Amino acid sequence: MAQRKSLTVNGRSVTIDIDDPEMPLLYALRDNLALKGPRFGCGLGQCGACTVHVDGKAVRSCVTPLSSINARQKVITLEGLGTPQRPHPVQKAFIELQAAQCGYCINGMIMESAALLTTNKKPSDADIKNALANNLCRCGTHVRIVAAVKRAAGAA
Amino acid sequence: MNIIPSRRDMLKGGGALVVSFSLAPLADAQAQGAAGAKPVVLTEVDSFLAIDARGTVTVYSGKVDLGTGTDTALRQIAAEELDVALSKINLVTGDTTLTPDQGKTWGSLTIQVAGVQIRNAAATARGALLDEAAKRLNVKREDLKVADGVVSAGNKRVSYAQLIGGKTFALKLDHTKPAQAKDPATHTVVGRPVPRVDIPDKVTGRFTYIQDFRVPGMLHGRVVRPPAIGATLEGVDEASVKDVPGLVKVVREGNFLGVVAQSEWGAISAARKLKATWSKWEGLPEQSKLYEYVRATKVFKEEVTGNVGDTAAAMAADGVRKLAATYDFAIHTHGSIGPSCAVAEFKDGKLTSWSASQATHDLRARLAAMFGLPADNVRCIYLEGSGCYGRNGHEDAAADAALLAKAVGRPVRVQWSRADEHGWDPKGPPTLIDLRAAMDADGTITGWESEFFIPQQTAGRFWVPLTSATLAGLPQGDDIAPGNVFQNSAIPYKFANVKTVCHRLETTPFRPSWIRTPGRLQNTYANECFIDELAAAAKADPIDFRLKYIDPADKRGIEVLNRLKALAKWQTGPSPQPGGASGPLAKGRGVAYVKYELVRTYVGIVADVEVDRNSGVIKVTHIYLTHDCGQIINPDGLRNQIDGNMLQTISRTLIEELKFDRSMVTSLDWASYPILTFPDIPEITVELINQPNAPPWGAGEPSASVVPSAISNAVFNATGVRLRSIPYTPGKVKAAMGGA
């Protein structure tokens, strides 16, 4: 049953063994590639914790079957966005403003915001809130998250 | 094996203090713990602190960081007291072999209890280190200075590493008689907005949550819960999953059902495909009659939490105006964004459990009982999970993982689904509150009576039954544990006659547990709404009305309210607004106050709201908050926590309500249990009142407790309509306004 699947993740070409081409991308990233940025939150595309970029667009990896992704498409995860030493401007702003509590949702917040800033360089508060309207945070970090995205927009 | 001191250096300290350093090297912390060498009792410095040969300090805390930043704050406390750079402080938390049992991480007690204990250990250690340094350097102790772990007097210097590095302190601690801590005026780390240690890794995907944790040879498990809470498993068709690649085993024990597979997706696929037949069960009350059910539930015992004067006489007195109201507060789920997860391994008759348990020491006892093991053969290790806000499913997942690991003889990771978490985490119980008051002709309150219908709490312990043990029929007891939900049923106001009674109910529809601010939230909600009702009836300003009845000796409470007036630019006057607002959008503001558990943290709040008369939608536009939790350890962490309390509790107040039918929870995802989202967040303005010379108190919960009443009172201020049933959904708002 095992099949090989090639992907391009964080700039690297990788090939993984899978049993089911309908397995969501999230599990390939977390279990086959040992990435910790994209998180399992709902498996339903409702919360945004699993968000990654596919060709620059924010997508919910928990409801994206591997069969819909090909090796030419560029998958970027939170790890690929930046590192603690060289963070992406959005990551940098989140650190500066301490925009996390438990941090479980933060992957989605950053990936969604980074995608927003590629199309909207100077978003208003309302733009940011609308872009993040389908990303859930239970700790209540929203105020800082909006402020961090605004700061990143200023720095970008 | 034990670390055996090969030599003892006896040090004569101040007074009767005798210090012995054992010279055996500190082994790797985990290996050392496995050998049982490190003390974990609360009465030894070595339980809390170790300093290695490089001068790195390891702090051991039984209380864990649930996403609130306490890992950083506890480090600050230790760094401050020892005068060691923050970067040289390691922290080990929630490991039954290594960390002292400082109680569950709950009730806003991490800083207040664990932090103060760690401070005491550090102050005691520092005292001994200075004594030893004075001896070695041949100077007076009072002439010594400490900077970054180096003790010096003039040109003479010796480091902590040289003094103690790799050896144990062997010093006793008495937390009732703490060692002299540093003068707060000299603090350079405590009280500062130190950046959190975990955030850089969390925002770059480097942090290891329990959901990321893996051990060699690990398999993946999923639970298959019954479709009705009390259903019996009648049959399992194992053939239904025989084609799932990598399936290892279908595990059935009593009504517990689970699957184990080589891969996570294999386990998910098997759990989805597995066909099982269950009996019918319809033991839940009708949701539409929930509060009739609560009111009719048999009372297990009565608790009188406040009793002053004679309220019956006050109520019956001639000429008094009597007021009465009933408030209710819905059943809530914790709603962690990451569903519960755990890993377990049985090896050589011993169980190791990795989980996000907020009480690993308690969990160890529970797992030991469940599997008939001596507690020494169970080790529970904490890894941070998604924010839990109380006892969510984390310990149930730990029990699930252990049950599956035992069944397959391999380490197993269990990840709950979203439906598992929404459906099976223990719930914040429904709360019903009756209030009555008597007011004389001058508008003075002469009597206050309240009755709280809340579940009982099994005496002496706070054990939420482990779901898989219940389902599998394994030993564990049948406790009811909502937490100390009686708290804040008594009031901070000095009326002449007061009686507050908790009817502790024999049962409640769902397995209860504590969710952020348990009981204090619901009780403060009713109390602070009702006092607003009384203020309105007395045509008094609601802040002044409260100030009139707060004990004049309670100066910190009075200051919180006075500062709140200034912060919110409060315009004195009775509610609702004179003349009333017209038009589709009604605007108003409401106030609330709490003295947490009547013994600690003070909070005052003003909420500004807009009520859309056409849609019934309430929007909170601005929160003003004054907050006194004593000595502040990390003001930025505190502000972050307060933000969280505001937004989460606005969500709970306006939106959240667990839905169910007679068999099961039906709000099993975020569509059916929505929470507050970005477009609806308010501005938040917070004034922290630091008390550097006071003890540090909790801040994890208190500010949440005032949110629902502030919103309710603001809606009344805007519309003249009093809302008394949480959540304040548009339907309820419209219905209430239709009757107004």
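A residue counts as buried if 20 or more other C-beta atoms lie within 10 Å of its own. The views below show a predicted model.

**View 1. Helix H7 of chain B and its surroundings.** Helix H7 of chain B covers residues 264–273, and eight of its ten residues are buried, so the helix is largely enclosed by the rest of the structure. The buried residues of H7(B) are B:Glu264, B:Trp265, B:Gly266, B:Ala267, B:Ile268, B:Ser269, B:Ala270 and B:Ala271. From chain B, strand E9 (219–223), strand E11 (247–253), strand E12 (256–261) and strand E19 (412–415) pack against these buried residues. H1 of chain A packs against them together with those strands.

**View 2. The contacts of B:Val259.** Neighbours within four places in sequence are left aside here. The contacts of B:Val259 are then B:Gly221, B:Arg222, B:Val224, B:Val241, B:Leu247, B:Val250, B:Ala267, B:Ala270, B:Ala271 and B:Leu274. Among them, B:Ala267, B:Ala270 and B:Ala271 also belong to the buried residues of H7(B).

**View 3. The largest nonpolar core.** The largest nonpolar core has 258 residues. The members that touch the most other members are A:Phe94, B:Leu49, B:Val259, B:Ala401 and B:Ile605. Helix H4 of chain B (residues 110–137) gives this core its largest share, eleven residues.

**View 4. Where chain A meets chain B.** Contacts between the two chains involve 51 residues of chain A and 50 residues of chain B. On the side of chain A that touches chain B, two or more residues come from each of helix H1 (25–32), helix H2 (78–81), helix H3 (89–96), helix H4 (106–119), helix H5 (125–131) and helix H6 (142–155) of chain A. The largest share of that side, four residues, comes from H6(A). Sorted by class, the side of chain A that touches chain B consists of 26 nonpolar, 16 polar and nine charged residues.

**View 5. A three-stranded sheet in chain B.** Strands of chain B form an open antiparallel sheet in the order E6-E7-E8. Strand E6 (145–147) and strand E8 (156–159) of chain B are the edge strands, each pairing on one side only. From one strand to the next, the twist averages 25 degrees. E6(B) is joined by three bridges to strand E7 of chain B (residues 150–153), and the two run antiparallel. B:Val146 stands opposite B:Val151 in E7(B).

**View 6. Chain A.** Chain A contains six helices and five strands. Read from the N terminus, its elements follow the order β-β-α-β-β-β-α-α-α-α-α. The radius of gyration of chain A is 15 Å, close to the 15 Å that the globule rule gives for 156 residues, so chain A is as compact as a globular protein of that length. Its C-alpha atoms fill a box of roughly 50 × 30 × 25 Å along the principal axes. Of the 156 residues of chain A, 58% count as buried. Contacts between residues at least 6 apart in sequence join residues at least 24 apart in 59% of cases in chain A.

**View 7. Chain B.** Chain B contains 19 helices and 27 strands. A compact globule of 740 residues would have a radius of gyration near 27 Å, and the 28 Å of chain B agrees with this. The C-alpha trace of chain B spans about 80 × 75 × 45 Å along its principal axes. Of its 740 residues, 55% count as buried. Among contacts in chain B between residues at least 6 apart in sequence, 78% join residues at least 24 apart.

Conventions. Residues are numbered from 1 along each chain as its sequence is written. Chains are lettered from A and ligands numbered from 1 in the order in which they are written. This is a predicted model: local features need pLDDT of at least 70, side-chain atom pairs count only at pLDDT 80 or more; totals for chains, interfaces and linings use all residues. A nonpolar core is a set of buried Ala, Val, Leu, Ile, Met, Phe, Trp, Tyr and Cys residues joined through C-beta atoms within 7 Å. A residue is buried if 20 or more other C-beta atoms lie within 10 Å of its own, exposed if 12 or fewer, and partly exposed in between; C-beta atoms are placed from the backbone. Two residues are in contact if their C-beta atoms, placed from the backbone, lie within 7 Å. Ala, Val, Leu, Ile, Met, Phe, Trp, Tyr, Cys and Pro count as nonpolar, Asp, Glu, Lys and Arg as charged, and the others, Gly among them, as polar. Two strands pair if DSSP finds at least two bridges between them. Axes are lines fitted to C-alpha atoms, for helices over the stretch in contact, and angles run from 0 to 180 degrees between N-to-C directions. The radius of gyration is taken over C-alpha atoms; the globule rule is 2.2 Å times the number of residues to the power 0.38.
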